[in-house]
Amino acid sequence: MAVGALALAGAVALPGQGAFAEGGRGPAAASWKADVADGFASVNALGQNGTYGGRDGRTVTVRALADLEKYATAPEPYVIVVAAAITMEPKGKEIKVASDKTIVGSGTSGQIVGGGFFLGQGVHNVILRNLTIRDSYEGTWNDKEHDWDAIQMDGAHHVWIDHNELRHMADGLIDSRKDTTYLTVSWNRLQQNNKSFGIGWTENTTADITIHHNWFRESEQRNPSADNIAHAHLYNNYLQDDPGTDINSSYGNYARGNTKMVLENSYFQGFENPVIKDSTATLVQRGNVFVNTSGRNESGGTAFDPKAYYSYSLDPADRVPSIVGSGSGPTSAIGATG
């Protein structure tokens, strides 16, 4: 598929970059190190009390790949501030992040170019925040050769992915695989990709995942696709397919296998098949808005009550484009060390 119409190799000007709209929420510059995850990543389980990353360790600032990898793979907790655009060598490299880490972009300057991060079995208490991860794309739209993701997790737990911009990768933007659980994905921009956010690669139905206030824009599939998820809570997400471009959505939110999904107050604009489910999945919809969508829009069965696991508040669905459009992605308030 052609992708030149969106200038994928470079930055894309989007409205409200780095700002917070009315109702948008983000940390004050002086307090971001103390921020902890919400949603399922906040739940005490598996010997881990919520998700706070490297808060208890030393803060280091990195501008080179060798330093980023040194601290990200270390056994000690660290808050790692990425203060420059770091190019992965070789292209497609995924740094193997160890437990008890915060990797955060310094304002809007922290970028990972041509690669990403990998969290393996048992890795826990990790925050990936305020980064732009981009451009491992190798020229093949449905690339079966290069498994180069922005963030891949295989059996990790207690992970918070927040306020990042992820785009133009050879494979997925986020892959949550092999029973990765107690995961919260919030306030991110996922865009200009074939496969945005895949969840599953397991026959077990044990994972608990919260996905809120993310902007899925110009993404063909996996927005997300959730396979065999015990509790998938999606709310206040903005799914946008722009007309007249080379990227056309094939589906939006997808509950697969034995997934139980609750989908609340999200906004779907221009999407083909905005909400779909397998016959074996349960999907409860509440308060969503659909504008210029077509095809399948499904629900059915009884899922679960998210408030039995954690507290949260919903923004009105009709305000989601403004709130998420302005409040998602990297912002100057996070990662400031001055």
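## Strand pairing and ring contacts

In this predicted model, M153 stands opposite S176, a residue of strand β15. The strand to which this contact belongs, β12 (residues 151-154), runs parallel to β15 and is joined to it by four bridges. Strand β15 also pairs with β17 (residues 189-200), again in the parallel sense, over five bridges, and within this pairing D175 has G198 of β17 as its bridge partner. Six of the six residues of β15 (residues 172-177) are buried, so this strand is largely enclosed by the rest of the structure.

The aromatic side chains form a second theme. A pair of aromatic rings is described by the distance of the centres and the angle of the planes. Across the whole structure, 11 aromatic pairs are found. In one of them, formed by F40 and Y310, the ring centres lie 5.0 Å apart and the planes stand at 80°, so the arrangement is edge-to-face. Because F40 belongs to the segment before β1 (44-45) and Y310 to the loop between β28 (289-291) and α2 (320-327), this pair ties together parts that are 270 residues apart in sequence. F40 is buried, with a relative accessible area of 1%, and Y310 also counts as buried, at 8% relative accessibility.

Another edge-to-face pair is formed by Y251 and Y254, with 5.4 Å from centre to centre and 80° between the planes. Since buried means under 20% relative accessible area, Y251 counts as buried at 12%, and Y254 is likewise buried at 17%. The two pairs are set side by side below.

| Aromatic pair | Centre distance | Angle between planes | Arrangement |
|---|---|---|---|
| F40 and Y310 | 5.0 Å | 80° | edge-to-face |
| Y251 and Y254 | 5.4 Å | 80° | edge-to-face |

Beyond the individual pairs, ring pairs link F40, Y235, F304, Y309, Y310 and Y312 into a cluster, and the pair of F40 and Y310 described above joins two of the rings named there.

Which rings have a charged end sitting over them? One is the ring of Y52, over which the charged end of R55 sits, 4.4 Å from the ring centre. Another is the ring of W201, where the charged end of R177 sits over the ring at 5.5 Å from its centre. R177 falls within the residue range of β15, residues 172-177, and the charge-ring contact with W201 therefore involves a residue of the buried strand with which this report began.

Conventions. Residues numbered from 1 in each chain as written. Predicted model: local features only at pLDDT ≥ 70, side-chain atom pairs only at ≥ 80, totals over all residues. Heavy atoms only, no water. Buried < 20%, exposed > 50% of the residue type's maximum accessible area, 1.4 Å probe, protein only. Helix = DSSP H or I, 4+ residues; strand = E, 2+ residues; numbered from the N terminus. Pairing = 2+ DSSP bridges. Phe/Tyr/Trp six-rings, centres within 6.5 Å; stacked < 30°, edge-to-face > 60°. Lys NZ or Arg CZ within 6 Å of the ring centre and 35° of its normal.
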